[in-house]
Each structure stands twice: as structure tokens, then as C-alpha cells.
Amino acid sequence: MEFRSDVITCSGKYSNNQQKLFSYGTAGFRTKADDLETVLFRMGLLAALRSKAKKAHIGLMITASHNPACDNGVKLVDPYGEMMVESWEAHATHVANASDDELAGVLHCIVTEEHITADHTAQVVIGRDTRPSSNTLHAAAVSGVEALGGKVVDCGVVTTPLLHYRVRCANDPSYGVASNEGYTDKLVETFLKLQSCAQPATSCAQPATSCYCQDLLFDGANGVGGLQMAIMAPRISQALKLTIHNGGEGQGVLNYRCGADFVKVSQSWPSGVPATPGSRCVSVDGDADRVVYSYIDELGAYHLMDGDKIATLVVGFLQEQLSEAGLALRLGLVQTAYANGASTAYVNDSLKVPVGFAKTGVKHLHHMALSFDIGVYFEANGHGTVIFSDSASAAIKEAASTDSPAARRLAAVKDLINETVGDAISDLLLVEVILRHRGWGMRDWDAQYHDMPNKLVTVRVADRSVFETTDAERRCTQPAALQPAIDDLLSTSFLHARARTFVRPSGTEDLVRVYAEAATQSHVEELALQVSRLVFDLAGGVGERP
Ligand code: NG1
Ligand code: ZN
């Protein structure tokens, strides 16, 4: 294949004039939007090559998820709607960082290494979020695909999970209709089917906390989730009465003091949503792939229901349905080190379902979940889904053809779930199905286990690449002095035995994260502070010492 320099720079329009180095991390490239135009053009080129290599549709999503509105990002999606394979991440980093003069050589190397031939026309499915910068970046990506003679399937402004769904359907029509409406119809119809078979919602004095209540406040983070929910809410109103807040379009700033990331990290109610005792709220993030719930009890106290609470609810439900349907399938949960210790103990000890630990980043969780017949995976921040093996799907389908209500419920639940990637909207509908099925209010759900007090803080260091971790990121091997110092701290008398802490470099931002969990909030505060200071002192902290 020929790579003329005027073609692969769009006659100089997309030149690499930057000193900045880009690295394709757990969520692709993510940084200030102003730095990304050439990167997006080049990811258009790379997506076209990946499509030729796989002879299939490839996805390209423009979003920086829960990050501030001034950021943006891009990630590529493989044919079955999964994150792009790790071996191509290095190609992405090389392509993004090459000088204009080096670029043709880098592209040639990829073509040779991946045995790419010119005979397949590239097809790239492109989606973008609501950020102001997404339009310009979209134009750059389209130009990149077209520069290599590829065709673009433009999904417009969509949630990240919808883009993953579109890629999957483009390559595997049996998964669903490959259009935005196809996705909406699939979720709406399956949800209404499941809810129409469920117990009627009862009315009681404190609906949101003591029994299932159809009223739900929706916090759209002022992003694309609000737009998608505005389409769906009227169509499901007979089963779920959603009131949309932070719906974007002039209602507020994207991800600012609202949305799933804000709610999870600050453990507080989102701004822009009325906070009345007895109300419950579901928050999604800026691109609607994460979801967390919150509620305010009758006494006015705030409660967070994070990804761990959702995971345990889903695992408990699937376990019960499998047993009712008489299906002996291997069910398992995959978590990360950030999972609250109480949730792990609940699933292991009370539900007796195996729990695996993967590194942060959904591709790692997804991969491990494939080892179960039915693998549930969730990050504590609310990113997660359920995946079914082919044999599990076949067994459920067969059982559903008999008159087993549980098997039929499982078959419908499989349709409701977006197996390609965590999907806030599909996940929240599943949560509602389970709560309704059980007649549970928020307090019933919350009572499954009590979270250990915990805290997540960040520390800036000169070079986060000096950090290395092991044991699913639960221990730090570099800088060498850090883990022994943390172990010393954990053995000191001010902490009880159940305290836990770990340090890892972020894969998406230029900082290091410190997580602490202990028996009391004051222990957590102290532990997080002490570990942050160790990181700062032993690993070249920048700015003010914690
Ligand atoms: P990093 O920045 O690597 O911690 C964050 C989240 C991940 C994942 C990615 C992708 C935490 C602690 N980390 O990764 O779970 O969601 O962003 O968006 O929430
Ligand atoms: Zn997101």
C-alpha cells in the first residue's frame, strides 16, 4: 500500500507539530481537546488499517467520558464491540507520536506486521459525545478514514455503549438491528416485556426506601446519556417514571458536580437534582457507560449505591434465577482492587459465588469474565456488564422454550444486557427489573451488606511511569521503598485488621491514585493521608505535600 505524505497529512492540514507524547491507555487517548485534532485524523487512518486487517467494521468513539468538558479522547472498538486488542495499542501510540516524516514508515510497518492487503475497503463506525470539541475531532477522524479510501458509518452523537452495539451489529446482524433506533427499540421492548410479567409495584408510605417504587430521578451528567434517556423515557413510562435532570443542552456543564463519577468520588448527591428525603436517583457519566444510584432516607441521610452494590444485586438475582430454572451454569463475579471489601466478602461468603480480581480497565475485567459460563464484571465506579458464553446462551434458550418462567426471565435479561461493554442505560434498566421482581426499596437493596468506609485520593508526581504493580494492582513493586513503608503503616496500632490500601498510576490521567479502606471513616482519612504522603515523599511528589 502507498502512503503519500500529502494524503496522510491531508495536505498538511493534520500535521504533527507537537512535542507532546501520547500514550494509548486503558481508555484510548485522553487529554486536552485542543491537542487532539491530528491524533484523531491519525486514528482515522489506523481504524481504516484495523478494518482492513480484520476485514470487518471497526469502531471509533470520540469522548473523554467523565473527564471535564475541555478534555476529549478517542478509542477504537474491535469487531465484536470489544475494546481494541492490546497488541494494536502500541501501533496506536506509534502512529500518534510519529513526526510527519516518520508516519509513512510507521504505517508501512503496521501493514507488513499485520499482513494487511489492499483488497478490503475499510469500514469505520464513528460516534461522538456532546463535547463542543467533538465536532471538529469527528471531522478529523472522518478525513483520516477517507484518506485510505475507507467508508464511514456515522452514528452521530451517541453514548459509548451504543457505538459498541453498532459495531457488533454491523459485523454480527444476529445481535440486533444496526441503527441507533435498533438499539433503543431493543432495550425498550425487552424492558417492557420483563416488567409486564413482574409483580405490580405496590404503594406504601415510604416508597423509595421500603418497597419498589417506579419513580426515579435521572442525572444525565449534562452529557449524551440525557439525550438518549429523553428518547427512551416516554416509551417506558408505564413501567418506570423517570424525571430527567442534568440533561445537557443548556442545563449545565458536562460532568460538573454531577454524573456518576462525581457522585461516586464525592459520595454525595448530584447538584441540579432536587434532594428530598425518600427520593432515589440514578447517575450516569458523560458518555453513559457508568452508572451509580443514590438515595436519601426518611431522616435525610445520603446513601451511595455504587458499582459494587449493582454487581452484588445482579449476581444474587442471576444465581436465584439459575437455580429456579434448574440450570447448573458457572456464575462468577470479576472485580478490581477498588471493590469494597464488604462486597467481595458478601459474594464469596454469603452468595458462595467465586470472585476474581482483574487489573483496572474494563478490557481486563471482560477478559477474566469470559472464563465463566456467566461472568458478571463491575468496577466500583459503576462500569460493568454481564457476559454469557455460547454454551450458557444455548442452555438458557433451550430452557426458555419450556414453560420455566425463570429461564424465560434469564433469556430476556440476556437481551436487555449490552454484552459488548458496560452500558449505564441497559444496566439501570436491569437494576429496575431486579428491584421490581423482588419488590425491593433502596433500603432492602442497601441491606445486602454494609460498605467499609473508603476514600480515593490522587497525588501528582513528576513521572507516574516509575510505578509498577502486581497482584491485580493490589501491591506496588516500584518505587521499591513504597510497599514496605505501606505495609509498616498497615501494621501500626491505629488501624484494625480489616484496613486495606493500595497505590497505582492512573492509566487515563497524569496522576497516581491512592485507595484506602478501614473500619471507621477517621481511620480511612488518616490512612489515605499517610499513604499519600509516602507516595509524595518516596516517588517525587509535585506541588503541595498532602
Ligand atoms: P484510571 O485513570 O486508570 O484509574 C479510570 C477508572 C477506571 C476506568 C478508566 C476508564 C477508577 C479508580 N479508575 O482509570 O476504573 O473506568 O478510568 O474510564 O475509577
Ligand atoms: Zn464513561
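**Cysteines, overall fold and zinc site of the predicted model**

The sulfur of C70 lies 15 Å from the closest cysteine sulfur, that of C258, which is too far for a bond. A disulfide here is a pair of cysteine sulfur atoms within 2.5 Å. C70 counts as partly exposed because its relative accessibility is 47%. Buried means under 20% relative accessible area, exposed over 50%, and partly exposed in between (1.4 Å probe, protein chains only). The sulfur of C258 has its closest cysteine sulfur in C281, at 9.8 Å, also too far for a bond. C258 has 2% relative accessibility and therefore counts as buried. The structure holds zero disulfides.

The model is predicted: local features need pLDDT of at least 70, side-chain atom pairs count only at pLDDT 80 or more, and totals for chains, interfaces and linings use all residues. Residues are numbered from 1 along each chain as its sequence is written, chains are lettered from A and ligands numbered from 1 in the order in which they are written, and side-chain values use heavy atoms, with hydrogens and water left out.

The protein contains 19 helices and 19 strands. These are DSSP runs numbered from the N terminus (helices: H or I, at least four residues; strands: E, at least two). The C-alpha trace spans about 70 × 60 × 45 Å along its principal axes. Of the 546 residues, 59% count as buried. Among contacts (heavy atoms within 4.5 Å) with a separation of 6 or more, 70% join residues 24 or more positions apart. The protein exposes about 20,900 Å², of which carbon and sulfur atoms supply 51%. Accessible areas come from the Shrake-Rupley method with a 1.4 Å probe; for residues, only the protein chains shown count as cover.

The zinc ion (ligand 2) is coordinated by S65 (OG), D285 (OD), D287 (OD) and D289 (OD), at 2.0 to 2.1 Å. Donors are N, O and S atoms within 2.8 Å of the metal (3.2 Å for Na, K and Ca); water is not among the atoms, so sites may look incomplete. Along the chain, the donors follow the spacing S-x219-D-x1-D-x1-D. S65 and D285 link distant parts of the chain, 220 residues apart. S65 sits in the loop between strand 2 (57-62) and strand 3 (71-77), and D285 in the loop between strand 8 (280-284) and strand 9 (291-296). Both S65 and D285 are buried.
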